[in-house]
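Me: I'm new to this one and would like to see what the terms are based on. Can we go through it together?

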Amino acid sequence: MAGHDASGHLHVSAASKAPYDEATLARLHEDAAAVVARYPQKRSALLPLLHLVQSVDGYVTGRGLEFCAQVLDLTTADVSGVATFYSQYKRHPNGDYTVGVCTNTLCAVMGGDAIWEAVSEHLGVGHDETTADGKITLERIECNAACDYAPVVMANWEFFDNQTPSSTIDLVDELRAGHDVVPTRGADKVCTFKEVSRVLAGFHDGRADEGVAAGPASLLGLKIAHEQGWTAPTPDSRAAAQPAKGAAK
Amino acid sequence: MTARLTPVLTAHWDQPRAWTLAAYESTGGYAALRKALSMPAADVLAEVKSSAIRGRGGAGFPAGLKWSFMSPPDGGPRYLVVNADESEPGTCKDIPLLMANPHSVIEGAAISQYAMGSDHAFIYLRGEVVHVYRRLMRAVEEATAAGYLGTDVLGSGTTLRVTPHAGAGAYICGEETALLDSLEGRRGQPRLKPPFPGAAGLYARPTSVNNVETIASVPGILLNGADWFKSMGTEKSTGFGIFSLSGHVTNPGQFEAPLGITMRELIDLAGGIRRGHRIKFWTPGGSSTPIFTEEHLDIPLDFDSVAAAGSMLGTRALQVFDETVSVVRAVSRWTDFYAHESCGKCTPCREGTWWLKQIMERLEHGQGQPGDIGKLDDICDNILGRSFCALGDAATMPISSAIKYFREEFEAGMHTPAAELFSPDASVLFDTSEVKEAAKA
């Protein structure tokens, strides 16, 4: 696949500049108008519009850049300057699923490095590379705010908690086989990169009520408080319930 | 026995469908907004100020004071921006909060807007948590339909709006002025201060940027009073906060407690250090705060006590590493992170983090050169206080503190790879023989 080098420049192939067909362009304009309407100044719409472009093209294309520039009265240089700054905007065709293994320190130490090695070897691709079937783009990701579930893997930005090498290999195999895969804390299934990009552009997919409210680690302190009968003071009882000030006091 | 944990923000996370408006209302949700709208805005601000709540996003600046520093109303727009770009390594409290109870943030944002004379809030959520964004968008929709947001909130004639906004992957956007640039559709690079956002923030208008947890604490302060809030915590670090324990403890998780609880107490609640091991080093507030060791376990985790001991409370992101972990490997990886996330705007950070990364890498591989430790110290010295924003400063924290407590491991990096001194397999949670099997499959 072209444009495979991880650190390359924004990949603007001739094909990616081919104009949108009429129906696609009309829908893009309709959606873009809805995005722009959310903000007091229209340039604020740029980040969601780039997500929107990815929801149609699967990455930031030349025509997508031009579309954003046209809608927001910016130059394409302005738009590509922004697009190349943020790691979620892809510079070459992305797989249907971005699988990110957290290899920031804590996850790495707890097993993220071992997971990364195993899944990278299994798929035969490295960071920011896509499998030949176009299904999986593999990434090393930074901390994704789920450290109490380390090691963490994200698939299209849904949480897969407490992973192991074999669980992650199962995950990518299931995704490649086209089976529905259920995140640990998230929607009832992992949606495609394009579908998720549309949500990030600010368009509902009706899945907000799916999944759990919180995982067991998130609830651990609350569970212990219930067991011990610990509560925050009520407004009237505050004189009686002086809080813990720490053993050192 | 006094309560060691005081669930307020986390109190209802275990309710069925906790994220919905119905669940939030059934536990008293939006009563604080009703109360606030019945009060003059100045009194709402005064109550928050009186609670002395310090910002929960890391810096610990008093939130009420921040609001009162905004330029006075001039008839033009004023904005509240809720910083939900939670990306500091180790920090994992705002994301579960928004996942389980987005309405607490929306109610807090509505009250806070009212207090500061704003009619529009943005919630800037990092883009890498799609389900949280779904919940947030849905919650805003529900709150608007129920009349808690809109042009005539609860018949008060007051306009309060909340616009969720997804970022696109950039740690630096957690820095408040970089966040504002990003929200304006630009590269997320920090702005020179002054002017501070309170004078010229979003679209150059008076703006307050506050952390998710700070804003979610506002309804409780309004409903129960500043004295209730101050009855928890310490004199100068009032109230409660979510403490996030991760790493080599038996049961990692979230613990909501009065500020001033100790790490020893928290580790005890988490079931102790991983069986058969002992603590080696830990971060009090994420990777950007100088590391601590076993000798610091009894320091009260409040802003001033942690600062007095040479670190920062930060975001209460307590990452625990046991004796199997090479401090050089850990710090080297954090250094990769800062180099990767440096926005490139200022030279000390852009160039300095790159050099720090080169040196840490060779130390990790046992290929350190004579003078490398001095060079690290020297580069840190030239970044700290000289970079445009706190990211550069942050990059130096793990390095300087690790050299202070574990200099011998850096010296060993002159000749022995970290992986030889500390087998990575020993730190991993699963059986690593599985790795070799799995990769073959």
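Me: What should I know about the model itself?

Reply: It's a predicted model, where local features need pLDDT of at least 70 and side-chain atom pairs 80 or more, while totals for chains, interfaces and linings use all residues. Residues count from 1 along each chain as written, chains are lettered from A and ligands numbered from 1 in written order, and side-chain values use heavy atoms, without hydrogens and water.

Me: How many residues of chain B are in contact with chain A?

Reply: 106 residues of chain B are in contact with 95 of chain A, where contact means heavy atoms within 4.5 Å. About 8,100 Å² is buried between the two chains, 62% of it from carbon and sulfur atoms. Buried area is the accessible area (1.4 Å probe) that two parts lose on being put together, summed over both. B:Arg134, B:Ala168 and B:Arg333 supply 8% of what chain B buries against chain A, more than any other three residues.

Me: Why is the link between B:Arg333 and A:Asp113 called a salt bridge?

Reply: A salt bridge needs a side-chain nitrogen of Lys or Arg within 4 Å of a carboxyl oxygen of Asp or Glu. B:Arg333 and A:Asp113 have N to O at 2.8 Å, so the link qualifies. Chain B and chain A share 5 salt bridges.

Me: What makes B:Arg316 and B:Glu213 count as buried?

Reply: Buried is under 20% relative accessible area, exposed is over 50%, and partly exposed lies in between (1.4 Å probe, protein chains only). B:Arg316 has 1% relative accessibility, so it counts as buried, and B:Glu213, at 0%, does too. These two residues form a salt bridge, with their closest N and O atoms 3.1 Å apart. It links distant parts of the chain: B:Arg316 is in the loop between α12 (303-308) and β9 (317-322) of chain B, B:Glu213 is in helix α9 (residues 212-224), and they are 103 residues apart.

Me: Why is strand β3 of chain A said to be largely enclosed?

Reply: 5 of the 6 residues of β3(A) (residues 136-141) are buried, so the rest of the structure largely encloses this strand.

Me: How do you know which strands pair with β3(A)?

Reply: Two strands pair if DSSP finds at least two bridges between them. Strand β1 (residues 97-102) of chain A has 6 bridges to β3(A), in the parallel sense. Strand β2 (residues 129-130) of chain A has 2, in the antiparallel sense. A:Thr137 is the bridge partner of A:Thr98 and also of A:Thr130.

Me: What makes β2 and β5 the edge strands of chain A's sheet?

Reply: The open sheet of 5 strands runs β2-β3-β1-β4-β5 with mixed pairing. In it, β2 and β5 (158-160) of chain A each pair on one side only.

Definitions and conventions. Helix = DSSP H or I, 4+ residues; strand = E, 2+ residues; numbered from the N terminus.
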